[in-house]
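Hello,

Here is the structure we spoke about. Please have a look at it, then read my notes below.

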Amino acid sequence: MRWHVRHRTRYTYDDVVTDSYGHAVLLPRDVPGQRVLSAQVDVDPVAVDRSEDIDHFGNRVTYLQVDVPHTRLTVEADLDVEVEPASIDPEALGAPWEAARPRALDGVPAWEVVELALESPSIGHGGAVLDYARPSFPPGRALGEAARDLMHRVHDDFAYEPGTTSVTSTIDDVLAARAGVCQDFAQLMIACLRSQGLAARYVSGYLATDPPPGRERVVGADATHAWVAVWTPAGEWLALDPTNDQPVGERYVTIAWGREYADVSPLKGVIVSEASSSELEVQVDVLPA
Amino acid sequence: MSALRDYAAATNQPPLQGGPRAFDEVVAPDGTLRRPWRALAAGPLDLADVDLRRVAHQIGRHLEDDGVTYRRPGGTSDRWHLDPLPLVVTAQEWATLSGGLAQRAELLDAVADDLYGPRRLLREGVLPPELVLAHRGFRREVSRPRRAGRSLHVVACDLTRTASGQWQVVADRTQAPSGLGYALENRRVTSRAITPTPLDAPVHRLAPFVPVLRDALAGAAPRTASDPRIVLLTPGPESETAYDQAHLATVLGIPLVRGDDLVVRGGAVWMRVRGRLERVDVVLRRVDAAWSDPLELRGDSRLGVPGLVEADRRGSVRVVNGFGTGVLENPGLLPFMDHVCEVLLDEPLRLPCVPVHWLGDPATLARLRTDLLDLEVRAIDGGGVLDADAPDALLAAVEAAPHRYVAGEPIVWSRAPRLDAGTLTACEVSLRAFTVAHGSGYRPLAGGLGSVLQDGRSIASKDVWVLKESASEPDQGLEEPARPSVASGAAPIAVPRVLQDLYWFGRYAERAEHGVRSLLALPAVGDGLDLDRIGPGDPAAEALLGVLGASGAPGERDARWLQSILLDERRPSSVAQSLVALRAVAASVRDQLSIDVWRAFAVTDRAVASAGTDLAVTAEQVLVGLLALRGTTESMVHDDGWHALEVGRALERALQVGALLSRTVTTMRPLSVEERVHEAVLGATESVVTHRRRHRGRVRLVGLLELLLTDPDNPRSLAAALERLGHALARLPMSTSSSRPERLLEDLVAQVRDVDLSALARVSGQRRRGLEDHLEDVEGQLTRLADAFAELHLVSGPSPRSLTLARRVSS
């Protein structure tokens with residue numbers, strides 16, 4: 001499938017902003033099953049300074065500075081991406097999950113994924129996480145089966161309820177609330193996988209949605225999305241979406257990955273202003289191209 | 001019997017609890033003094049108790065004079081302590097140690113280079129990945145394919161000696177090492193207090209090392225700029241080591257700046273100077289990495305510069321040390337250093353580390369598990385030794401994430417005598433050594449910062465004397481005499497924040513002085529604290545008390561109340577409050593001020609600390625300090641900062657004269673009272689003599705007003721203050737001769753000059769309405785002038801703050 005993604009973020013301030021610095025993770029990367037045909041980020045007012053770089057995880061990141069006074073800042077990403085169903089080595093998925101723990105492997109060049117099996121600043125895996133994860137990981141169970149079972153359980157046990165959590169919520173908050181949004185489900189599932197010694201990464205991107213039957217497509221109705229990928233000893237990544245209880249397929253556009261949300265937040269910034277409030281408007285469209 | 005021999009006799013007793021025997025820095029195992037100390041014990045400074053106490057007293061006084069402070073984390077500012085007895089390193093010992101230190105710096109730099117680059121150490125299994133990647137000093141922001149060059153330019157290394165005298169590394173300090181400023185200050189103080197050097201061999205002076213450090217920083221500059229601009233980025237005067245930072249900046253002749261003083265434009269770093277931007281090439285960073293850039297690091301930081309990480313990555317500025325160097329402070333690296341050294345440098349490690357075990361290795365954990373509570377367990381991220389009195393929590397923490405912990409035997413620190421309550425007692429000591437980039441390698445400072453430890457924490461410092469082989473050996477082993485260095489002659493750069501602090505310095509200094517003079521002019525104070533005379537019945541006293549903001553009810557007016565006017569920091573308008581504010585702004589621009597400023601503060605401090613019942617004596621001593629302060633600032637270089645200070649002083653003086661007059665002479669009183677009011681006013685304005693000479697003691701208000709309002713020759717008059725204000729204002733870089741503050745001043749000067757004094761003195765009813773109106777008008781204009789001045793010269797715009805531009809939205 002070919003997708004056209006338009007992701008527009010607009011900030012409106014109640015006073016003039018003289019300088020604005022931004023760090024954006026909005027450009028997609030090539031991954032197995034995904035080819036980037038074109039991708040660009042536009043900034044209005046025009047950024048006086050911008051540079052692109054590759055970060056620690058191999059993501060494409062953009063630094064930008066706007067230095068003309070403004071009360072509105074728009075950052076828009078336009079992407080054309082081709083996605084095919086990813087094939088993944090069935091043998092590695094069928095092997096016992098214990099064999100996929102990078103730190104337990106001797107001599108296997110798995111050092112690069114070790115950091116994705118460790119705790120990260122907002123994804124700890126203390127007692128409650130460990131207890132929650134355990135039933136999915138009986139000894140010897142196949143890796144793919146265990147990971148999918150965990151995905152089902154997160155989907156079934158947790159309600160999708162925007163507003164119950166915030167960007168600063170911890171895994172324990174989510175476990176206690178039994179509710180959250182895609183970011184929470186992804187981070188919880190990652191915590192569970194890591195608590196078993198598995199390497200898991202947080203993936204940010206988009207999911208194409210269909211309008212309800214018989215209704216027109218509403219512009220800007222789509223959203224950014226997040227899911228999980230777990231490492232296999234074949235060096236591949238099994239991508240699963242606990243929010244929708246399905247494996248990640250050709251309706252998913254991958255932007256970036258890291259240990260957790262904070263590593264790949266789409267846009268973060270610093271403004272120089274006396275402004276006391278600001279309004280945020282995000283519009284995402286994922287259209288078949 | 002000298003104090004040292006007493007110490008030797010006491011030290012030679014076997015350890016009481018049969019614990020491990022520590023190395024004694026002064027006494028050899030056979031009970032005799034070590035070689036360099038024999039001379040000390042026999043030399044000019046016999047170290048009889050009385051000498052030591054005298055030296056200690058002088059040291060304390062010098063440190064007080066220099067205003068040297070240290071702030072414990074979360075605590076208040078404390079005096080810096082320096083023990084009179086130095087740590088001594090012989091030339092022979094130094095030869096070995098310096099080689100080890102240079103190698104260690106090179107090794108650490110190579111480790112950083114590898115961990116943020118090819119990662120050979122991880123790929124080849126030399127270092128376990130979780131040891132490195134779980135450490136909070138590993139900064140993914142700089143772990144990118146595109147990288148800056150050398151990241152380690154200044155290294156500190158904490159050392160101790162084993163019982164046999166072998167130096168051992170306890171910890172590496174790499175991310176923003178502190179202490180060089182203290183080390184230089186310690187030497188300055190000991191060289192003044194202990195002369196001549198009482199050792200048989202000369203000591204390496206530290207001063208010749210300063211150009212080496214400056215060259216190391218200049219050499220870090222990314223461009224081939226002939227005169228690279230170097231700044232020291234400080235978290236500000238609240239920082240634990242604010243003195244260390246300010247002193248280092250002063251010694252190096254580089255500006256001390258805060259995040260707000262810098263701005264990133266076009267991917268380069270600029271400093272706001274004189275209304276324009278000047279390029280910065282090297283940032284000596286004393287703000288912790290995590291707080292250095294609210295864009296990419298901690299978004300809640302107000303200490304950093306947005307875009308600084310990007311500028312450093314692009315190589316348009318060099319941040320020293322690099323943001324990622326904190327990863328080298330990981331104590332879990334210590335047990336691997338031998339192997340790492342073989343791998344990266346292809347040579348054996350010269351300087352061993354204290355034995356430490358990384359618990360992330362399953363075999364190590366299995367071996368030590370049962371002994372953990374007898375060892376010192378600490379997290380690799382820092383935070384000290386875990387509490388063995390809470391064994392369950394400790395063991396649970398280790399079992400949950402063993403790779404985050406190290407364990408080791410308690411460190412056996414070497415011991416040295418310390419002067420404590422007049423006698424020498426043995427204490428634990430450590431030595432912090434400093435090494436800086438030099439050419440393609442590194443060069444250690446022949447010297448350092450010694451610490452007296454109690455429960456592993458530093459409670460006092462010691463100077464470190466590295467001895468020369470012979471008197472002819474050059475200082476610091478530098479054959480060439482120190483050449484005049486790049487930035488040394490440059491005047492300190494005044495960013496708007498500095499101008500603002502100096503402006504307030506001027507205002508508070510003037511306010512404090514005026515307060516003291518007003519207090520001394522109170523008849524009750526001058527005449528030996530006659531409280532009866534400042535009863536509510538005395539309008540002259542009342543008027544002055546009003547100036548001092550002290551309107552205590554008659555019943556409350558006791559000696560304590562009177563003292564509070566001078567000494568109570570919490571009382572608004574008290575002299576003490578002005579002094580506190582004055583000292584706070586002084587601390588924040590320490591690098592801009594002469595060391596003599598702190599001597600002057602030491603005088604006021606001593607006056608306040610020894611305040612007795614005689615308030616006049618205390619007030620006079622405070623005044624002496626303030627006059628010394630005035631003398632110090634008068635002899636400052638007349639640069640932008642000095643002119644801002646002058647504006648502050650002149651403006652405050654003008655305001656104070658007006659306030660004094662409106663509180664005292666706007667009401668008409670019986671002649672005898674009027675006379676005393678005039679006397680008090682003249683006393684408070686230091687104008688008694690002049691007035692007497694001109695008017696032969698006759699009380700005429702017009703004469704008084706002329707003297708204090710319009711007389712250009714009386715430096716205490718409003719007219720003189722305005723003239724002084726005009727001179728200073730005109731010299732500031734943003735002044736154009738028609739700027740708003742200058743226009744406002746011009747109008748005010750004309751108004752003051754043209755005023756009809758006899759009209760002002762006219763009375764209607766009991767009041768002098770003309771005078772009241774005039775003074776009120778002048779005050780209003782001065783306030784507007786102050787605001788206009790601040791807006792044009794002192795404001796650098798709003799501070800940057802972090803906004804997460806896009807919050808998550810999810811399907």
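In chain B, strand β9 (residues 268–273) pairs with β10(B) over 5 bridges, in the antiparallel sense. Arg272(B) stands opposite Leu277(B) in β10(B). Both strands belong to an open sheet of 3 strands, in the order β8-β9-β10 (chain B), with antiparallel pairing. Its edge strands are β8 (262–265) and β10 (276–280) of chain B, and each pairs on one side only. From one strand to the next, the twist averages 45 degrees.

Some ground rules. This is a predicted model, in which local features need pLDDT of at least 70 and side-chain atom pairs count only at pLDDT 80 or more, while totals for chains, interfaces and linings use all residues; side-chain values use heavy atoms, with hydrogens and water left out. Residues are numbered from 1 along each chain as its sequence is written, and chains are lettered from A and ligands numbered from 1 in the order in which they are written. Helices (H or I, at least four residues) and strands (E, at least two) are DSSP runs, numbered from the N terminus. Two strands pair if DSSP finds at least two bridges between them.

**Chain A: sheet and helices**

In chain A, 5 strands form an open sheet in the order β11-β10-β9-β8-β12, and the pairing is antiparallel. The edge strands are β11 (246–247) and β12 (252–258) of chain A, each pairing on one side only. Strand β8 (residues 200–207) and strand β9 (residues 224–231) of chain A pair over 7 bridges. Ala200(A) has Val230(A) as its bridge partner in β9(A).

Two helices lie across this sheet's strands. Helix α4 (residues 143–157) of chain A lies across β9, β10 (237–241) and β11 of chain A, at about 20 degrees to β10(A). Helix α6 (residues 182–195) of chain A lies across β8, β9 and β10 of chain A, at about 10 degrees to β9(A). Axes are lines fitted to C-alpha atoms, for helices over the stretch in contact (heavy atoms within 4.5 Å). Angles run from 0 to 180 degrees between N-to-C directions.

**Aromatic pairs**

Over all chains, the structure holds 16 aromatic pairs. One of them is Tyr116(B) with Phe138(B), which is stacked at 5.2 Å centre to centre, with 5 degrees between the planes. Tyr116(B) lies in the loop between α4 (91–115) and α5 (120–123) of chain B, and Phe138(B) in the loop between α6 (129–133) and β4 (154–161) of chain B, so the pair ties together parts that are 22 residues apart in sequence. Rings of Phe, Tyr and Trp (its six-membered ring) pair if their centres lie within 6.5 Å; planes under 30 degrees apart count as stacked, over 60 as edge-to-face and the rest as tilted.

**Backbone points**

A cis peptide bond joins Asp44(A) and Pro45(A), with omega about 0 degrees. Pro45(A) is in the loop between β2 (34–44) and β3 (49–54) of chain A. Another cis peptide bond joins Val320(B) and Asn321(B), with omega about -10 degrees. Asn321(B) lies in the loop between β12 (318–320) and α11 (337–345) of chain B. Gln476(B) is not a glycine, yet its phi is positive, near 60 degrees. Gln476(B) lies in the loop between β20 (457–466) and α14 (496–521) of chain B.

Best wishes
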